[in-house]
Amino acid sequence: MNEIGHPMLKYLKTEGPSGPRLPLILCPGCGAGQVLNYTLHAVDRLLAEDNLNKEDVVFISGVGCSSRLTSHYLQFDSGWTIHGRSLAIATGALLANPKLRIIVFTGDGDAAIGGNHFIHACRRNIDVTIICVNNGLYGMTGGQVAPTTDTGEKTATTPFGNVEDPFDLCKLAETAGAAYVARWSTAHPRQTVKTIIKGIRKKGTAFIEILSQCPVHKKTAPVEMFKALRRLTARVKEGAAVPDGRIAVGEFCNRDKPDWISRYQDIIDQENRHKDTECTGSI
Amino acid sequence: MYRFNLNPAYCKGCGICIAACPKKVIESTGRLDAKGHILPGGGDMSRCTGCRLCELVCPDFAVAIVEDEAAEEKNDVNPD
Amino acid sequence: MHSETSQNLIAPGIHYLQGAEACAEGAMLAGCRVYAGYPITPATEIMEHFARRLPSMGGRTIQMEDEIASAGVLLGASWAGAKAMTATSSPGFSLMQEVISFGIMTETPMVVVDVQRPGPGQGYISTSQEDVMQARWGHHGEGAIIALSPASVQDMFAMTIRAFNLSERWRTPVLVMAEETVAHMRERLVIPDLDSIEIIDRKTPQDEGIAPQDYLPYGHGPVPPMAIWGQGYDVNHVSLVHHRDGRITGYNAETHFDNIDRIRRKIEDNVADISEVEARFMEDSRHFVICYGAVSRTAVEAVLEARQVHGIPVGYIRLKTLWPFPEARLRELVRDAEKIFVPEMNLGMMKHPITEALRDRCRMVAAVPSLGCLHTPEQILARIQEEAA
């Protein structure tokens, strides 16, 4: 076998002194691995094209399959943290060092338990890019119902059918105040890469939901689910109605609003105006 | 001309690269490996355009599309 | 480490401050530049003080959506290189336990102040020492923690600085177990010359000459040097049991024990360095009052009166550090005792490790409880007289 490997392997820790780290622990055909691939492609482009400094890039995740993406794989600073709390942790990191470029991996489950932090992070418009891998269930623990599971669906904890309705994470993010909101699926690779680039570039909260396949708990072959995601989604122009039974994808919201750090910097500047020394506000 | 380089240590035989290829160049090898995965392989690579969609959609960073200049030269038309 | 931006630090000299304010000023002197919190009586004054003061030092105060988020901010801020603190009261302290557990496992320097109030539930908004066991055992899992017990405004100042120094030195969350009494009281505070105050910063791999490619995030010694985000060390903070290089697969019992035993021993093996115990009137004493926190203020009055007015040979021991528990030091101090009195603003909590530590040295350990309010000297004296006269 030729030794040339995947172009994004330069960003992964394939092994360490104590042993090998790859292959990814995820199931065959899991969409989360694809989302990591798309994200690394986006970061790769930004490192080449923008003034993005690789040392400033930090990945933070919580708990769940999507959160395993940071577990011990990345050649970046990262934190594999607690269920739902990544955004509070990201907020702290920015308060300490506003130069950090933070990407948060979360899942529909992780975002839901962290709902309070999700809402307030968007409201504060903290400068992070949130990539939410939505597979409509709690995958890591065995396929239980999630706040994004369709009504009526049978899961490990709704064996007779889900009696609840799901909510729309993108709408939540937009209402809460995120500057940039978009949704794609793992079956939209190039669109996802472009959107992640836009999200990272965007000042403020960028929330990017990626509909993703969980072949094991949906008991469907990865390829079938991958193809189905294309059929199930529709890109609609603003104002247009989403065709029946389809899920809207695309950019939903892109507004310019100051992020938390810039607003607070005004206060720091004001409180330091009498001093000779410049106060950059970095610790 | 391009070569389809697969790392069997990472590949889990999900088949997404096969489905994603716009030129239908990648095929299943039909062979089961020791972990129970059926790996893909490059079929008629002369039709591969190097779009690298297979690299992009691979969940396990197992695929690499490599430019094969020696094979490219073999296809060159020689001056009379 | 007092830089230009620190020009707004509190000036040396004599001040008259509330305990909450003293705590905040101490933190700022120690280098705290990130504060996150949630309003809760009786701790809110600490956050309000930070909100007013921190911007003028280039720091940032944020009021978060709940206590879980407040504690979460400390993790990120610390990993990104800042000294960070939160203050809460008992119900919020309960909420923070998972984050604290995570902080212990990731060996994150962070300071959490618990201004205790009675419980359980909403309890009341008065004073209490009911969280002292929770301080040690409230976080799930093994591991150890450092918990300090201030008894005065001066302590709120000095012990908060010490809390930061300990958290940086030992790479661990440190708790300041205050009570409503000490947070709300106003007293004389003496601030020494700033250069005389020792400030400790965490050791980084750069300090030890370790290059990124050689760096083991959980290796290089019992207290691993801590890489800061943004400096090219590609460090991953993780709370699953891990190898020294941060890998989390290849689980085995040896790795598990190696990881968890080290973080416990990091604290417990260093009790002598970490804990502080004050002892007075020990030479001729047959009985002892062992106390901590605000109760020490009235307990010492009871001891003085017992000795000077009633001739009862009672000694005074004050635990300035609750955890790690100073068992060896207590056994050094108390060779033989008839009766030990442990006045606490709870129904008997520190009484238990005290009893266990001195089980072969003392015939009787009596709890002297008071719920929701500070003991008077008379209450404690009455118990001493009852048992020991």
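This is a predicted model: local features need pLDDT of at least 70, side-chain atom pairs count only at pLDDT 80 or more; totals for chains, interfaces and linings use all residues.

Trainee: What makes chains A and C count as touching, and how many residues take part?

Mentor: Two residues are in contact if their C-beta atoms, placed from the backbone, lie within 7 Å. In this model 46 residues of chain A are in contact with 46 residues of chain C, so by that cut-off the two chains touch. Of the 2 pairs of chains that touch, A and C have the most contacts, whereas chains B and C do not touch, their nearest C-alpha atoms being 15 Å apart.

Trainee: Which element gives the most to the side of chain A that touches chain C?

Mentor: That is α2(A), with 8 residues; by class, this side of chain A divides into 19 nonpolar, 19 polar and 8 charged residues.

Trainee: Why are β4(A) and strand β9 of chain C called paired?

Mentor: Pairing needs at least two bridges between the strands. Here 3 bridges join β4(A) to β9(C), residues 236–238, and therefore the two strands pair. They run parallel, and the bridge partner of A:W80 in β9(C) is C:V238.

Trainee: How do you know that the domains of chain C are in contact?

Mentor: The domain assignment gives domain 1 (4–196) and domain 2 (278–388) in chain C. Although their C-alpha centres lie 27 Å apart, 23 residues of domain 1 of chain C are in contact with 20 residues of domain 2 of chain C. On the side of domain 1 that touches domain 2, α6(C) gives the most, with 4 residues.

Technical notes. Residues are numbered from 1 along each chain as its sequence is written. Chains are lettered from A and ligands numbered from 1 in the order in which they are written. Ala, Val, Leu, Ile, Met, Phe, Trp, Tyr, Cys and Pro count as nonpolar, Asp, Glu, Lys and Arg as charged, and the others, Gly among them, as polar. Domain bounds come from an automatic or database domain assignment.
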